Amino acid sequence: MRAARTRGLPGLLVALMIAALAMVCFQAPRAHAATDVSAVAAALRKGPVYVDPAASAQLSAPEADALAAKIKKADRPVFVAVLPANFPTQNLFQDLRTATGITGLYEIRLGDRFDARADSSVMSRSAVQNLVTSVQGVSDANTQLNEFTDRALANIHGSAPASWGGAANGSGVSAGALIAVGAVAVVGGAGAYTVVRRNRRRKEDERRAALDRLRVVVDEDITAFGEELDRLDFHPAEAGADDAMRADYERGLDAYEQAKSFMAKARRPEDVRAVTQSLEEGRFSLAVLAARREGRPVPERRAPCFFDPRHGPSVADTAWTPAGGAAREVPACKADWIRLVGGEDPAVREVETDHGRRPYWDAGPAYGPWAGGYFGGGVLPGLLVGTVLGSMMASPGYGAAYGTGYGDFGGGYGGGDVSGADFDPGDFGGGFGDGGGGDFGGGGGDFGGGF
C-alpha cells in the first residue's frame, strides 16, 4: 500500500510541473509591450495589476505582486495599470472600461502622471476626484499607487471579479513564481471559487430580504388603490359620462393591473419602482376623473402627498421639519396641509423595522426604489435631505445595492460584476488628467485640463 502511494507521488509532481509550465507558456506574451487597450484589458481581467514592460522601471515585479495581493485580499474591484508615458490617451478610461467589461475602480499611472475613474455604483465621482487629488505630487509610482489604493479600499463598494480567481497579476513575474502559483492554484482554486460564490450569494440574500420587507408595504399600496377604485363607483355607461371620463377610468384600471403584474414579477428591490410609479399615475387619473364628474377644473399634475402617497396627489407645498432635521418644502394632500397649518402632525406612513414602526424615510435603504417610483429622481433630494433614507441613498453603498442615485433606481451592476459595455460613459469620460471624471474643485491638480 505504501509503495503504491510512493509510486503515485512522481505522477502528481509531474502533473503540477506540467500545469505550471503551461502557465509560463501562457504568460509568455506579456514579455512584449502592450500596443493597445485590448492587451491591457485582457491582463486586468486575469488580475488586478498590469505593468507594461515598457514601464517596468516605474513598478517592479515584486512591488506589482504585493499590490495585487493587497487588492485580492481586500476582495474589491480595483484595477491598476502602469503604462509608458507615450501610451495613447484619447478615451483611455472609457475604452479600457469597455474592453474589460467589469464594473470597478480603474487607476492608471501613465509615465509620471496619475488619474482614475470608477463606475458610480462602486464610488462616486467626487470621491474619486478627492482620492486622486490626495496623491498628486507623489513622484514614486509604488508609493502613489499604494496610497491611492489603500484609501480607495476603505471607500469602494463591491467584490473582486470572479475572473481573477487564483490567476497571477498582469505584471512580469519569474518562471519560479509562476510554478509556485501554479501549484497553489491546483490546491486552492476551488477554495477561491467558493469564496466568490459565497459573496455573490450573500448579496443576493440581502436583496431578497429587502424585497420581502418591501412586498408587505407595496401590497398594502395596491390594496388601497383597489379600494379607491371601488369607492369611486364609476360606470362607463352612467348618465353624464363622456369619453374623457371613460379614458381616465381606463387609465386607472390599467395602472392597477400593471402594478399587480409588476409586483408579481419583482425579483429585486429596484423592481418596485415600476409598481409605485404605476400606482402614482393611476391615482392621478382617478383625481382627474373625480374632478370631471364634479364639474371642477382638472387638477394640475403634482407629486403625491409626501407623508403618505396613498393620500393621492398633493394640493400644495408646505413647510415641514422632520425630527432633528432642517426645514424644507414638501408636497402635501389637502388633509395633511390643513393639519400642518393648524399646528397638528400629518398622517405619516409608517412601516415595520427592526426597531418598531417608523416613518418610511427612516426605515432603511430598501425604501429608496419605493419612494423613487412615487416622486421621481428630481424631487427626492430636497425632500429626503437629512433623513436616514436620504443619507443612505446619497452613498456609493446604496448605489451598489439599490441603484446609482436619486434619479436611477433601476438595477445597475455591482462592483466586480461583468456588465460588458453597459455602463455610464460619463463615469469614465474626460481626458486623462481631468481628475476623476469631472471638473471638480478646479480640475485635476498637476494634470491641468488633460491632453
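Predicted model: local features only at pLDDT ≥ 70, side-chain atom pairs only at ≥ 80, totals over all residues.

Modeller: Residues are numbered from 1 along each chain as its sequence is written, and side-chain values use heavy atoms, leaving out hydrogens and water.

Biologist: How many helices and strands does the protein have?

Modeller: Helices (H or I, at least four residues) and strands (E, at least two) are DSSP runs, numbered from the N terminus. The protein has 14 helices and 8 strands.

Biologist: What share of the residues counts as buried?

Modeller: Buried means under 20% relative accessible area, exposed over 50%, and partly exposed in between, with a 1.4 Å probe and protein chains only. Of the 451 residues, 45% count as buried. The protein exposes about 20800 Å² (Shrake-Rupley method, 1.4 Å probe; for residues, only the protein chains shown count as cover). Carbon and sulfur atoms supply 55% of that area.

Biologist: Which residues of helix H4 are buried, and where do they lie around the axis?

Modeller: An α-helix has 3.6 residues a turn, so residues three or four places apart point the same way. In H4, residues 92-100, the buried ones are Leu 92, Phe 93, Leu 96, Arg 97 and Thr 100. They cover an arc of only 125° around the axis, which puts them on the same side of H4; the arc is that of the directions from the helix axis to the C-beta atoms. Their cover includes helix H2 (37-46), S3 and S4.

Biologist: What do the buried residues of helix H5 pack against?

Modeller: In H5, residues 125-134, Val 128, Gln 129, Leu 131 and Val 132 are buried. These residues fall within an arc of 165° seen down the axis, so they line one face of the helix. They pack against strand S3 (105-110), strand S4 (113-118) and helix H6 (141-153).

Biologist: Which residues are in contact with Thr 149?

Modeller: Contact means heavy atoms within 4.5 Å. Thr 149 belongs to helix H6 and is buried, at 0% relative accessibility. Leaving aside neighbours within four places in sequence, Thr 149 is in contact with Leu 67, Lys 70, Ile 71, Val 80 and Glu 107.

Biologist: Which residues have a positive phi although they are not glycine?

Modeller: Most residues other than glycine have a negative phi. Among the exceptions, Asn 91 has a positive phi of about 55°; Asn 91 is found in the loop between strand S2 (78-83) and H4, and is partly exposed, with a relative accessible area of 41%. Asp 233 has a positive phi near 50°; Asp 233 is found in the loop between helix H7 (175-232) and helix H8 (243-265), and is partly exposed at 47% relative accessibility.
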